[in-house]
Amino acid sequence: YTEDGNWDLVGNNLAVFFIRDATKFPDFIHSQKPDPVTFERQIPNRVFDFASQTPESLHMFLLIFSPRGIPASYRQHQGFGVNTYRWVNAAGESKLVKYHWLPQQGVASWTAADAAIKQGEELGVHTKDLYASIDAGDFPRWELNVQLMDDHDHPELDFDPLDDTKVWPENEVPLRPVGTMTLNR
C-alpha cells in the first residue's frame, strides 16, 4: 500500500509470458480451460492450436515443459515481474525495470511424475510446506534484484525491452540486488 494507492507486482515463476499482445489474453485463457461439455482437462489440441497461432509463446512453452516448469516448493522457486515497469525519480528521470526474486533456499523443481504423486497425496502441498517451514522457524528468504535500463528507444538491442515474451540478457543488463524478503509469519 502506498500514499498513491495499492501497488501490485504481478509475477510468475518463469521470466516470460505467452503473449505480447494483451488482446490475446482471453484466447490464451480459453486454451487452458477444460472442455465445457466433456470437462476434459487441457486438451492438447486446444493448447497447441493456440501455440501454433501465437509463435511468440514458444519461449514460455519451452520453459513450462522444461525441468523448471513445476516448482518443487514456493520456498524454492524464482519469481519474476515478467512485465517491464518504469521507475521515475523526483527529477522526472525514468528507468525501465525488471524484477527478479532469487530464493536463498536454492531452486528446485519436480518432474511431472513427482508432481502427480505429491499433489495427489496432499491438497495444497506447496502452501502446507510454506506454513510448516515458517512454523518451524525456517524462514524462507528471497533476494530482490532488478535489472535497470535507460527509458528510451534501444536500436542497439535485438529485442524489445517492453516485450513480455523476452528476457533481458543478464550479461547486457546485470542484476542489481536491492533488498531481501523474509517470510517469518
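Modeller: Let us begin with one definition: a residue counts as exposed when its relative accessible area is over 50%, as buried when that area is under 20%, and as partly exposed in between. In this predicted model, Tyr131 and Asp135 of helix H5 are exposed.

Colleague: Which residues of helix H5 are buried?

Modeller: Helix H5 covers residues 125-135, and its buried residues are Val125, His126, Leu130, Ser133 and Ile134.

Colleague: Why are H1 and H2 called roughly antiparallel?

Modeller: Helix H1, residues 25-32, packs against helix H2, residues 44-53, at an angle of about 155 degrees. Angles over 145 degrees count as roughly antiparallel, and H1 and H2 are therefore given that name. Their axes are 8 Å apart, and the crossing of the two helices is left-handed.

Colleague: Which residues of H1 and H2 make the contact?

Modeller: From H1 come Asp27, Phe28, His30, Ser31 and Gln32, and from H2 come Arg46, Val47 and Phe50. Sorted by class, this contact has three nonpolar, three polar and two charged residues.

Colleague: What makes Thr84 buried?

Modeller: Thr84 has a relative accessible area of 18%. Buried requires a value under 20%, and Thr84 is therefore buried. Its place is the loop between S1 and strand S2, residues 85-88. Not counting residues up to four places away in sequence, Thr84 touches several residues, including Leu96, Pro161 and Trp168. Thr84 and Leu96 are 12 residues apart in sequence and 6.4 Å apart in space, C-alpha to C-alpha.

Colleague: Why is Ile70 called partly exposed?

Modeller: The value for Ile70 is a relative accessible area of 26%. Buried would need a value under 20% and exposed a value over 50%, so Ile70 is partly exposed. Ile70 is found in the loop between helix H3, residues 58-64, and strand S1, residues 79-80. With residues up to four places away in sequence not counted, the residues that Ile70 touches are Ser109, Trp110, Thr111, Ala112 and Ala115.

Colleague: How many helices and strands are there in the chain?

Modeller: The chain has five helices and five strands. Their order from the N terminus is α-α-α-β-β-β-α-α-β-β.

Colleague: What share of the residues in the chain is buried?

Modeller: Of the 185 residues in the chain, 34% are buried. As for contacts between residues at least 6 apart in sequence, 72% join residues at least 24 apart.

Technical notes:
Residues numbered from 1 in each chain as written. Predicted model: local features only at pLDDT ≥ 70, side-chain atom pairs only at ≥ 80, totals over all residues. Heavy atoms only, no water. Axes fitted to C-alpha atoms, helices over the stretch in contact; angles between N-to-C directions. Helix = DSSP H or I, 4+ residues; strand = E, 2+ residues; numbered from the N terminus. Parallel < 35°, antiparallel > 145°, perpendicular 65-115°, else oblique. Left-handed = near helix turned anticlockwise from the far one by under 90°. Contact = heavy atoms within 4.5 Å. Nonpolar A, V, L, I, M, F, W, Y, C, P; charged D, E, K, R; others polar. Buried < 20%, exposed > 50% of the residue type's maximum accessible area, 1.4 Å probe, protein only.
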